[in-house]
Amino acid sequence: MTTASGEPLADRLATQLRRAGATEVRFAATLDELAALADAADGPLLISGTDLVAHTAVLRHLATSPVGPTVALVLTDAPVPGRTAVREERGQIVDAGPLDALDGDATGVFGGALRVGVHDLPTLAAAARAAAVGARPVPAPLGPAGDVSPLPAAEGAGHDGPGSAVDRLVAGLAAHGTLIFAQRVRLLVAHRVEDGAGLVAAEAAVTAVDEDRAELRLSVKEKDDFFSTYFVSTWSPYVVRLAARLRLTPTGVTVISVLFALAAAVLFGVGGRPALVGGAVLLYLGFVLDCVDGQLARYTRHFSAWGGWLDTMADRAKEYLVYAGLGFGVSHAGLGNGWALAIAAMTLQTVRHMTDTWYGVLHDEAARRPRAAGSAGGGIGDRLNAASTRVQADTGSLSYWLKRTVVFPIGERWALIALTVALFNPLVSLIAVLVWGALAFAYTGALRTLRARWMRVPVLDTVDATLHRDDGPLARRLPVVRPTGPLALAVLAALGPAVLLVAALVGDASDGLRWAVPVALLVLLAGGLGAGAAHNGPLDWLVPAALRAAEYLFAIAVGVVGGAPGWLIFGYVFVLTVQHYDLTARLEKRQTAPPLHAATLGWDGRSTLLALAAIAGTVSIGMATLGAYLLVVFVASAVLAWFVRPARSARASAAPVGAGGVAPR
């Protein structure tokens, strides 16, 4: 087909692929030829049929999408015969094929373009060869990001009609079990055309949309929390555009937001109405910048694993620095033991985040697996799942916003802190955070437990359980108690420290109580008896959170028993949370262990050293020394992971690394 400008549609698509970031563009005349290209490629492939009419930004977003290595364009157009319909769950394509084969569960249609990650290229080649049986020659432009030799364009390029090669290709990838993420088209335009009339209509739709303005609006998350949606995203795009003009990077904005949060924490500690109000304003502006860094990354398409990791770590560091400022402010003003409240808030929030992370992994895994035998519909899990789906679909309704707000997301946490500290004082702020956080934890924990029992999908057996349990050498050498199960043992491990902490808080932390520390340690180490057991129970996704709670409770209890100052206990637990957030950030990207992870000694090794310090009567010295050591290990590990090793790899290989068109953040 010929466009309004007189050039073939296939040639225009090739030009758009180059603008989207492809280093080379080819035409594959057959699926066998595409399979050969996949075999030879050493970088991601951006594949498109020749019937796609779209903004160049649509292809650029597909090429640079950070959600996963393999991403497919998904449209909301009505399915037509021969086109591939898809079913999505949590942004993943869990089924693809003819509309009638999806039994009415289709959520969209394949948009005729996809990016295939390096590790999925062998599956792409296999799917292409399998789909080539009976396939007619239909050229498809390819945008390889790797170093692949040129291939002349095929003669007689036509459009991909019903039953096209690219449709069979994505259906084949899904059938092979490839993890495919969905790239939805919002605000911009993308259509697959069948004839000249459709081409004219699609080109008119593309022309009618201001591409840059749409990209700026797309920088804002489609579904965000209430406070972010109505009190930040209504004006943050203007800041994004200014930041882009000033050539600020997302990482630079992240650093500025950390400085704002740090300044707010200092003002909360200083106290006095002007300082508290000023700190609340700075906290709000810091949160705006926290949103802007992600929006700027989406607007400029500057993504990187380093940037994502830094954003995750900075978010938690900012929040806990604010807790520290509030805690100091409470104690400084003589309103109570502020450090105890700050420690409780940080511990609660970290354990909550651990359950959030692993429930997300559970839900993603459940979306890719068939329901277990015997899990008949109609049960409590089915009803909860259906109710959640209905509420999420009713975007903007009261029930929708209640569901998103009651879980106490970060925007609401920062808004609550800013309002309560400006109107009242840091004590009210910390109590409010603890109360709402505890209620949200109880609500989400109860519902997720019921749904998880219904889904019956193990997730810890899909990863390195020893790594994500954070087991040390002692736990790995303990005997295995299989009948009890790892979750029951992890919960038991938290009970001993909890009892010791309660006794220390209601008592006087005398030397007599100091000798109860070894007993609490033995109970804690019971969690290591499940290290070698299978983590395939329906609730075993809670094991990492339970072990985090056990270690934090033990550290706090030992600190209280040993008379360590509150700020030191807070600092030590803060360093532990940094270590654990590093693990969860890597889990989300399916990355390997940090370079120096073995040097962190594991929850069992660290707790044993603290117990020895308690017995020796040197808790403060032991906690300060161990905390400083862990912080040094964390910083050194981060430098090795994100700077030293990539630099060595770059020197060792001249081949480009990463997807074509992805700029470093």
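This is a predicted model: local features need pLDDT of at least 70, side-chain atom pairs count only at pLDDT 80 or more; totals for chains, interfaces and linings use all residues.
**Exercise 1.** Describe the surroundings of Val258.

Solution. Step 1: find the element; Val258 belongs to helix α10, which covers residues 250-270. Step 2: set aside the neighbours within four places in sequence; Val258 is then in contact with Ala314 and Lys318. Step 3: check the separation from Val71, which is 187 residues away along the chain; the two C-alpha atoms lie 32 Å apart.

**Exercise 2.** State which residues have the most contacts inside the largest nonpolar core.

Solution. Step 1: this core contains 113 residues. Step 2: the residues with the most contacts inside it are Phe268, Tyr323, Trp541 and Phe554. Step 3: take Phe268; beyond its neighbours within four places in sequence, its contacts include Leu276, Leu283, Val322, Ile417 and Pro426. Step 4: a separate core of 33 residues includes Val58, Leu59, Val109 and Phe181.

**Exercise 3.** Work out what lines the second largest pocket, and which helix gives the largest share.

Solution. Step 1: the volume of this pocket is about 650 Å³. Step 2: its lining has 35 residues, and Thr347, Leu348, Ala549, Leu553 and Ile556 are nearest the centre. Step 3: α13, α17, α20, α23 and α24 each give at least two lining residues. Step 4: α13 gives the largest share, eight residues. Step 5: by type, the lining has 26 nonpolar residues, eight polar and one charged.

Definitions and conventions: Residues are numbered from 1 along each chain as its sequence is written. Side-chain values use heavy atoms; hydrogens and water are left out. On a 1 Å grid over the protein atoms alone, a cavity is a set of points where a 1.4 Å probe fits but cannot get out, and a pocket is an open set with protein on both sides within 12 Å along at least five of seven lines; lining residues have an atom within 4 Å of a point. Grid points are joined across faces, edges and corners, and a volume is the space filled by probe spheres set on the points. Helices (H or I, at least four residues) and strands (E, at least two) are DSSP runs, numbered from the N terminus. Ala, Val, Leu, Ile, Met, Phe, Trp, Tyr, Cys and Pro count as nonpolar, Asp, Glu, Lys and Arg as charged, and the others, Gly among them, as polar. A nonpolar core is a set of buried Ala, Val, Leu, Ile, Met, Phe, Trp, Tyr and Cys residues joined through side-chain atoms within 4.5 Å. Buried means under 20% relative accessible area, exposed over 50%, partly exposed in between (1.4 Å probe, protein chains only). Contact means heavy atoms within 4.5 Å.
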